[in-house]
Amino acid sequence: MPSTTEGLLLVMGGLFLLIGLIGGGFEVSAAKIPAVGAKGRIGSLIAGGLFLALAIRSIAGHQQSTPAPVQPVPTTTQTATTPAVQTTPASPAQSTAAPATETTPVPPTQSEASAPVASTSDQHTVDAPPTQTAGGRPPRIAIARDPRIFRISPIPVAAAPKYYRLQLKVSGLYLDADHCSAKVVVGGRSDYAGGACQLWQLVPAGDGWSRLQLKQGGQFLDAAFCSSQVVLSARSEYADGACQLWKLVPGPDGWSRLQLKQGGQYLDADHCGAKVALNGGSDYDGGSCQLWKLVPE
């Protein structure tokens, strides 16, 4: 029996055609084919034709799908260019600039028509790593300076603003915007809003004066209309901004007074209590109600 589909179709097609032609009544490989009538012979002829057509079509499809053999491509370009690279004469810059054991010229990567290598006076040498030594001495590689090489300066990154707590000497309490409102008092260390109601930033305004800006909301420590009342407010240009300009005046033991530019008064914890106002130079409790220190956060 055939082992392929095409062969099986051919055998079956031939068998049915034979039945249709002679009407059966024969044996094939110990298989007895009975005699058939006229209708059976016609059906056998049709079935045999179909089987033969399918076999021929399958054989033709296999022949069309068989790929053509790939022809090898001759590699003549490599053999043609290799001798040219090996027999290229050395450039003038490689002649007698230094002994062969001290310098190893960098092979040119361009063609003979490219620009000549810079002279030895415009070169510097770089020591090779100790693992590449030859004859007990490290080889030196000549590297030509290329004026087209330029340096890129890094872009400076602005530092994050630094915040401080203003601590009062007499009690160790801090200048506080009560619950981040406009009311300024003296209170214990608070973590309300992540401590941002007690964190201040010095914003320089020139001539040693600065604005004190609160981290939460960005408002400024302000002597309202340059009065003794101390509040928080937006940036103000009243009296050329002098009601918001402060200066640290050094005092004893690292403590300072916080002086307002307009009028020259000082930030004062009234009688060392929680109320904050402006006052002239006070010696109450040795002046410790007016002495402050910047505590970095």
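Among contacts in the chain between residues at least 6 apart in sequence, 45% join residues at least 24 apart. The model is predicted. The chain has three helices and 17 strands. Of its 297 residues, 27% count as buried.

Q: What makes Cys180 and Cys197 a disulfide?
A: Their sulfur atoms lie 1.7 Å apart. The cut-off is 2.5 Å. The pair is within it, so the two cysteines count as joined.

Q: Why is the disulfide of Cys180 and Cys197 called left-handed?
A: The torsion about its S-S bond is about -90°, so the disulfide is left-handed.

Q: Which parts of the chain does the pair of Cys180 and Cys197 tie together?
A: Cys180 lies in the loop between β7 (174-177) and β8 (184-187). Cys197 lies in the loop between β8 and β9 (200-206). The pair therefore ties together parts that are 17 residues apart in sequence.

Q: Why is Cys197 called buried?
A: Its relative accessibility is 3%. Buried means under 20%, so Cys197 counts as buried.

Q: Why is Cys180 called partly exposed?
A: Cys180 has a relative accessible area of 24%. Buried would need under 20%, and exposed over 50%. The value falls in between, so Cys180 is partly exposed.

Q: How do you know that Cys226 and Cys243 are joined by a disulfide?
A: The S to S distance is 1.6 Å. The limit is 2.5 Å, so this pair counts as a disulfide. The torsion about the S-S bond is about -85°, so this disulfide is left-handed.

Q: Where do Cys226 and Cys243 lie?
A: Cys226 is in the loop between β11 (220-223) and β12 (230-233). Cys243 is in the loop between β12 and β13 (246-250). The pair ties together parts 17 residues apart in sequence.

Q: Is Cys243 buried or exposed?
A: Cys243 has a relative accessible area of 2%. That is under 20%, so Cys243 is buried. Its partner Cys226 has 23% and is partly exposed.

Q: What makes the link of Cys272 and Cys289 a left-handed disulfide?
A: The sulfur atoms are 1.6 Å apart, within the 2.5 Å cut-off. The torsion about the S-S bond is -80°, and the link is left-handed. Cys272 sits in the loop between β15 (266-269) and β16 (276-279), and Cys289 in the loop between β16 and β17 (292-296). Cys289, at 2% relative accessibility, counts as buried.

Q: How many disulfides does the structure hold, and what pattern do they follow?
A: There are three. With bonded cysteines counted along the chain, the pattern is 1-2, 3-4, 5-6.

Q: What makes β11 and β12 a strand pair?
A: They share four bridges, in the antiparallel sense. At least two bridges are needed, so the strands pair.

Q: Which way do the residues of β12 point?
A: Val230 and Leu232 point one way, Val231 and Ser233 the other way. All are buried.

Q: Why is the pair of Phe225 and Tyr238 called edge-to-face?
A: The ring centres are 5.3 Å apart, within the 6.5 Å limit. The planes stand at 85°, over the 60 degrees required, so the pair is edge-to-face. The count comes to one aromatic pair.

Q: Why is Phe225 called exposed?
A: Phe225 has a relative accessible area of 65%. That is over 50%, so Phe225 is exposed. Tyr238, at 43%, is partly exposed.

Q: Why is Gln167 called buried?
A: Gln167, in strand β6 (residues 164-168), has 18% relative accessibility. The value is under 20%, so Gln167 counts as buried.

Q: What makes the approach of Gln167 to Gly172 a polar contact?
A: A polar atom of the Gln167 side chain lies 3.1 Å from the backbone oxygen of Gly172. The limit is 3.5 Å. The contacts of Gln167 also include Trp255, Trp292 and Val295.

Q: Which residues have the most contacts inside the largest nonpolar core?
A: They are Leu175, Leu221, Trp246, Leu258, Leu267 and Trp292. The core has 21 residues. Trp292 touches Leu175, Leu258 and Leu267, among others.

Notes. Residues numbered from 1 in each chain as written. Predicted model: local features only at pLDDT ≥ 70, side-chain atom pairs only at ≥ 80, totals over all residues. Heavy atoms only, no water. Core = buried A, V, L, I, M, F, W, Y, C linked by side-chain atoms within 4.5 Å. Buried < 20%, exposed > 50% of the residue type's maximum accessible area, 1.4 Å probe, protein only. Contact = heavy atoms within 4.5 Å. Polar contact = N/O pair within 3.5 Å; in protein donor to acceptor, adjacent residues only side chain to side chain. Phe/Tyr/Trp six-rings, centres within 6.5 Å; stacked < 30°, edge-to-face > 60°. Lists of a residue's contacts leave out its neighbours within four places in sequence.
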